[in-house]
Amino acid sequence: MPEGDTIRRLAEKITARFAGQRCVRSVTRDPRLTNVDFTGAVLTGADAVGKHLLIRFDDGRTLQAHLRLTGSFVVGPAATEPAWRRRVELWMEDGRLTGVDVPVLGMVATADEEQIVGHLGPDLCGLEPPDLDEVTARLQREPDVPLAGALLDQRNVAGFGNLYAIELPFIVGVSPNQPVGSVDGLGGLVAFGTALIRINAARGPQNTTGRRLRVADHWIYARRGRPCPLCGTRLDGWDNRDSPWQRLSTWCPACQPLEARRTVDVERAHRLLALHPARKEPTYPSFTSRRPAGPRTSGRP
Ligand SMILES: [Zn+2]
């Protein structure tokens, strides 16, 4: 599923290819874009806010899209999908921009984009890193919500999708079902997660292990029923109808036990991310847990 990092990379690809180019022909096949014609408008750039894609034009209009599970954009060449799946198709001066199977499309005045994205929490993949303390506080607003559900609620923080809602709890050794108010050291998870998604947005591909082999891109995502890569215990999970947050989930019952209170395991996260380039991101937590507290220690994980 496209998450904040994927949408950020898509926005940058659209900007690099088409910014400054005029739309010479415009076809829309989506009822929400009836009578919308971009012909003659110059594409000024694309932006991502959370998982929302905003494509801006010089006449004050923004084409907004959310890809959810199914949508994609073909940037440059003509799309090969049948016409009915090509919801919006723009012939630019040099190449074509096609939205395929995009479930959420709309037109909004650029000045009114807040109507689309104003409700979102801090953006993980914005140009500047989000305020990690604010993200942590927002995640804990409803303490009884399971950790994965809180991470997926875009009003708390914008950009995490289900991949991160499964991988981050595993990396820090906390159950995705753990009520978020009973997670101690949640700021550590936020800091690791922000570093991961930001480095994946900057470099791609979406990877949580730092390993290059495709099979090792993720720790446990989509591996329910298989052995835990760390301890060998059979991975447990929800399917999307059973889980309280209506998305499939996976966890290791041994590494991520559900407890009355559970602490984010910073040492485990450092071990699991030892190969990941995220460790060079500014938000990546320095390993202070074993060092004696000194005057410079912030007290954060
Ligand atoms: Zn395990």
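In this report, a residue is buried when its relative accessible area is under 20%, exposed when over 50% and partly exposed in between, using a 1.4 Å probe and protein chains only. Helices (H or I, at least four residues) and strands (E, at least two) are DSSP runs numbered from the N terminus. The model is predicted: local features need pLDDT of at least 70 and side-chain atom pairs count only at pLDDT 80 or more, whereas totals for chains, interfaces and linings use all residues. Residues are numbered from 1 along each chain as its sequence is written, and side-chain values use heavy atoms, with hydrogens and water left out.

Helix 5 spans residues 162–172, and eleven of its eleven residues are buried. Among them are N162, E167, P169, I171 and V172. The elements covering these buried residues include helix 1 (4–18), helix 6 (186–203) and helix 7 (266–272). After helix 5 comes G173, which has a positive phi near 70°.

A nonpolar core is a set of buried Ala, Val, Leu, Ile, Met, Phe, Trp, Tyr and Cys residues joined through side-chain atoms within 4.5 Å. The largest such core has 43 residues, and L139, F160, I171, V172 and L189 have the most contacts inside it. Helices 3, 4, 5, 6 and 7 each supply at least two of its residues, and helix 6 gives the largest share, ten residues. With contact meaning heavy atoms within 4.5 Å, and leaving aside neighbours within four places in sequence, V172 is in contact with L189, F192, T263, V264, D265, R268 and A269.

**Q256 and the zinc site**

Q256 lies in the loop between strand 11 and strand 12 and counts as buried, at 1% relative accessibility.

The zinc ion has the protein donors C228 (SG), C231 (SG), C252 (SG) and C255 (SG) at 2.2 to 2.4 Å. Donors are N, O and S atoms within 2.8 Å of the metal (3.2 Å for Na, K and Ca); water is not among the atoms, so sites may look incomplete. The arrangement is tetrahedral because the four donor atoms subtend angles of 100 to 116°, four donors counting as tetrahedral if all angles lie between 85 and 135 degrees. C231 is partly exposed at 38%, whereas C255 is buried at 11%.

Conventions. Four donors count as tetrahedral if all angles lie between 85 and 135 degrees; four count as square planar and six as octahedral if opposite donors are over 155 degrees apart and all others between 65 and 115; anything else is irregular.
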